[in-house]
Amino acid sequence: MTIRSHFRTTLVVLAAITLALFLLSLTIGPADVAFSDSLHALFGGGEELLVLVMQEIRLPRALLGLIVGATLGLSGAALQGYLRNPLAEPGLIGISASASLGAVVAIYTGLSALFMLALPLMALAGAMLAVLVLKAMAGVDGRPLTVILTGIAISSLAGAMTSLVLNLSPNPFAATEIMYWMLGSLTDRSMPHVWLVLPFTAAGWLLLFRLGRALDALALGPDAAASMGIDLARVQWLAVAGTALSVGAATAVTGAIGFVGLVVPHVLRPLVGAQPSRLLPASALGGAALLLCTDTLVRVIAPDRDIKLGVLTAIVGAPFFFWLVWSHRRAGL
Amino acid sequence: MSILTIENLSATLAGKRVVDGVSLTVGKGSFTGLIGPNGAGKSTFLRACLGLVPASGMVRLDGVDLAGLRAAERARHLAYLPQERETAWAMSVEAVVALGRLPHHARFAAPSERDRAAIEAAITRMDLSAFRYRAVTSLSGGERARVLIARALAQETPVLLADEPLAGLDPQHQIALMRLFRELAAEGRIIIASMHDLTLAARWCDRLLLLHRGRAHAEGRPEAVLTARTLEDVYTVEAFIGAAAGGLIVQPVDLSQKKDEDDHG
């Protein structure tokens, strides 16, 4: 069938772009090294210092860009499909805000200085707490509106608590550290971060990818979906738990990175015939490509100013969203 | 011979008993109109049959208790056309019709020959071939209604339950839809559809179930159900009821002078 093969082509092109950007991310950085030398060093060949740079600095950064970007794109597509709302994104159901709160508390209490994984672990704990509240509030029938409203309440509360921590922070240095962390970045992450994030994100992806059929059916509304044999309570559980595991872990190591989960599904939707199940893999690839691209730009634009990744995604994402709203409005007239 | 038996079906929503002990037995080939005023419990009755709301009582198809089946298995017996016709995304007509096959094939399995045949048959039957690759969101209300019916047909179930399928359609589309339901019934399906247009209900349905405050107020052939007396009791309207070629014409003309006793008692 023509539509099916068209979909395959889209995925192959997206995968090729992602791979190219992954290689670009590996080979661009302050240490000015030739492309072939850096790839050689990646596998342990050549100069010792360069091997260290490639394996300990560049590789984890590029891997995290790939993993976190895919997570944001995938969960954005899954949540938009589940909530039947093109404005949904991982931040909407309160996962990012609670994970941030956990991380901020880790910095505030000094735990993060004591051992490296305290911060991501606290952030994960924050995300899981948000899931428990979502489950308790949303009830058994799995209607999306309750999830949205609960998520907004969780986000507001977590945001307020984060402000309180900033407010109470003992000295300007702690406050600055918290602020910088919250901006979202892939700088100075190491392989242990990758190993920490990988199992959680992989588990989350597995849950989110199982949503495909249900999301297609939900396009016709919850009642129609249920009448076609879709278990709405199970769908809610997959969407919330999958997002919490993957986005919770992603936020835990990189901070909150906005707009990727919102914009990527929007851009790719027309390319996959607007079918939610097809949007899942496409958005995962698109998210990875966008984050790798932005993270490379961060290094190219101002190598010595350490522009934070989350800042750049918002600066690029927000105007893009203006354009999107504008073109939608024109199409609607 | 398929027989759908609904026994003593009751459903309670937010502490209020919305459907109260309704029973109905319909055989294959029948097209039953579900009528009654707003809030009489028509939608909840249909949703309770489908297991979409917690309900007590029994819904059986050829003796099989439908509540005891897994959701996907139940979906191979009952198809449902909800009142809501919004499609969240600009999916193609073909993709929407294909959703009807979800209960039939395993997760991640590619569509089988049988699936494709069912989708093709539904698209052809609803005359959608020209729209096949168009986005459903770009279609008119009448066209969109046809796509959703095709989706339900692709589900290939012996029973179709439709909630106000006539709402928002012009007379031409309304009559075409009633004709289709009658044909589908004649092919051996069981059709139950809720509706407000009493003339269309009288002319096209072979049976009517009149719900009033959650209970079955009257049930049977249209001429037996649609009397001046029941219309006054249930809808509190005076109606002109006339016989014409092809069935009754039921036209409410004014509010009834007689006060509904229950309102004061």
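Helices (H or I, at least four residues) and strands (E, at least two) are DSSP runs, numbered from the N terminus. The structure is a predicted model, in which local features need pLDDT of at least 70 and side-chain atom pairs count only at pLDDT 80 or more, while totals for chains, interfaces and linings use all residues. Residues are numbered from 1 along each chain as its sequence is written, and chains are lettered from A and ligands numbered from 1 in the order in which they are written.

Chain B contains ten helices and twelve strands. Its radius of gyration (taken over C-alpha atoms) is 19 Å, close to the 18 Å given for 265 residues by the globule rule, which is 2.2 Å times the number of residues to the power 0.38. Chain B is therefore as compact as a globular protein of that length. The C-alpha trace of chain B spans about 60 × 40 × 35 Å along its principal axes. Of the 265 residues in chain B, 42% are buried; a residue is buried if 20 or more other C-beta atoms, placed from the backbone, lie within 10 Å of its own, exposed if 12 or fewer, and partly exposed in between.

B:Ala110 is located in the loop between α3 (93-98) and α4 (113-125) of chain B. This residue counts as exposed because B:Ala110 has 9 C-beta neighbours inside 10 Å.

The contact (C-beta atoms, placed from the backbone, within 7 Å) takes 18 residues from chain A and 22 residues from chain B. Helix α2 (residues 71-74) of chain B supplies three residues, the largest share of the side of chain B that touches chain A.

Terms used:
Two residues are in contact if their C-beta atoms, placed from the backbone, lie within 7 Å.
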